Every structure is written in C-alpha cells, then in structure tokens.
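Please keep the sequence and the coordinates open while reading.

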Amino acid sequence: MKLNCKRIDFTYTPGEEIFNFPEESGLPFLFDVEEELTADPAAMDAVGEMLDEAEKLAEKAKAAIKAALADEDSRYHSVVTFFMEFHRDDVGPDIAAELFPGTDPSKLSFAEMVDFLKLKRFGSLVDDEMDQQVFIMDLSFNPEITDELMVIYFDLNKEIFCITHES
C-alpha cells in the first residue's frame, strides 16, 4: 500500500513492520511503524499526517524540553536536566566540543543546548498502557558520539504525553 503522505512517496506492506534508514526512505531520520499499525488504514493515515509534520513536532518537543528545564515543578524537569548535565558536564571537554561545535560547551545553558538536538527517529506504535496508537520521536545531539536520547511521545492529537531519557 502507499502511505498517504505529502513529503515522500512510500509503499509498505500491510501487516509488516516498517523500519527504514534515511538512505532507504529519503527522510533525514529513521522511520518505523510496528506491524499492528501497518495493517490498519486509519492508523497509517495518521502516520502519514504526522510524518508530514515531523519537523514541526520536533520543534514542539524542543519547546517542551525548554519549558521543563525552566520549571522545577515539571514532572520532566529532573529527566531533562540530567540529560543536559550529562552531555555538558560528564562527557569530557573533547566530546562536549564535538557535540556543540562552534561553542564553549562550559558556557552553554541547558536551554541553549536544546537547540543542538536533532530529530533522529520518528515512528508509531500501540502504547500498551493506553491501548492506542502513539507517535515516538528520538532527539539526539549526535548518535555517532552518544547513544543517549531524549524520547518524546505524542498522542493522536499531537500533544506530548511523555518525555524520557533513553540510551
């Protein structure tokens, strides 16, 4: 079947997982959808719509990360602060310089660091707890240097319902 998406011409097999690297899909990030969703045309329409807006959703995710950094009462404050602290203060000056080129990493605020995050993966799956389709986005400073990710979960209404740190 053909994905109803404006940005790419993409064909998939219903009932089979999609997992494509950028060179396969033409997208600038990994793209994956679990097999349960590929068998559901309505779910795949939602995938196409969200995929068309992936970069806008990444900007929304970055804004949410910055908001969590600024709000000590946010349920995500500690997780995003730890993520930023690790990449600025714990990886060592040489690695930090590679992660934040053209800057003095020791002088970067955590909020400024958020601007260096890049969309590395976008996908969709069925959340077991919610028993509904969700969208998952991985943001990374540089996956060739660090495997640490800020992972943002969106619901069908394009609202963020979880931010987590994974590796």
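**Backbone angles and loops**

Lys 158 sits in the loop between β5 (149-154) and β6 (160-166). Lys 158 is not a glycine, yet its phi is positive, at about 65°. The model is predicted, and the points below are grouped by topic.

- Asp 131 also has a positive phi, near 55°, and is a residue other than glycine.
- The loop between β3 and β4 (132-140) holds Asp 131.
- Asp 131 has a relative accessible area of 63% and is exposed, because exposed means over 50%.

**Negative surface patch**

- Asp 131 is one of the residues of a negative surface patch, together with Glu 17, Glu 35, Glu 36, Asp 40, Asp 45, Asp 128 and Glu 129.
- Glu 17, another member of this patch, is located in the segment before β1 (18-20).

**Salt bridges**

The search of the whole structure gives 11 salt bridges. Among them are the following pairs.

- Arg 7 pairs with Glu 55, with 2.7 Å between the closest N and O atoms.
- Arg 7 belongs to the segment before β1 and Glu 55 to helix α4 (residues 54-70), so this pair ties together parts that are 48 residues apart in sequence.
- Both partners count as partly exposed: Arg 7 has 31% relative accessibility, and Glu 55 has a relative accessible area of 35%.
- Asp 32 pairs with Arg 121, and their closest N and O atoms are 3.0 Å apart.
- This second pair links distant parts of the chain, with Asp 32 in strand β2 (residues 30-33) and Arg 121 in strand β3 (residues 118-127), 89 residues apart.
- Asp 32 and Arg 121 are buried, whereas Arg 7 is partly exposed.
- Asp 138 joins Asp 32 and Arg 121 in a network of salt bridges.
- Arg 88 and Asp 89 form a salt bridge through their side chains, at 2.8 Å from N to O.
- Arg 88 counts as partly exposed at 22% relative accessibility, and Asp 89 is partly exposed with a relative accessible area of 41%.

- Phe 110 is placed in helix α7 (residues 110-114).
- The relative accessible area of Phe 110 is 16%, so this residue is buried.
- Beyond neighbours within four places in sequence, the contacts of Phe 110 are Leu 69, Thr 81, Met 84, Glu 85 and Arg 88.
- Among these contacts, Met 84 is 26 residues from Phe 110 along the chain, and the two C-alpha atoms are separated by 5.8 Å.
- Arg 88, another contact of Phe 110, is the residue that forms a salt bridge with Asp 89.

- With a relative accessible area of 13%, Leu 119 is buried.
- Which residues does Leu 119 contact, leaving aside its neighbours within four places in sequence? They are Pro 28, Phe 29, Ala 54, Ala 58, Met 137, Asp 138 and Leu 139.
- Pro 28 and Leu 119 are 91 residues apart in sequence, and their C-alpha atoms are 8.2 Å apart in space.
- Asp 138, in contact with Leu 119, is also a member of the salt-bridge network with Asp 32 and Arg 121.

Definitions and conventions: Residues numbered from 1 in each chain as written. Predicted model: local features only at pLDDT ≥ 70, side-chain atom pairs only at ≥ 80, totals over all residues. Heavy atoms only, no water. Patch = residues over 30% accessible without salt bridge, like charges linked within 9 Å, V, L, I, M, F, W, Y side chains within 5 Å. Areas by Shrake-Rupley, 256 points an atom, 1.4 Å probe, with all protein chains shown as cover. Salt bridge = Lys/Arg side-chain N within 4 Å of Asp/Glu carboxyl O. Lys, Arg positive; Asp, Glu negative; His and termini not counted. Charge placed at Lys NZ, Arg CZ, Asp CG, Glu CD. Helix = DSSP H or I, 4+ residues; strand = E, 2+ residues; numbered from the N terminus. Buried < 20%, exposed > 50% of the residue type's maximum accessible area, 1.4 Å probe, protein only. Contact = heavy atoms within 4.5 Å.
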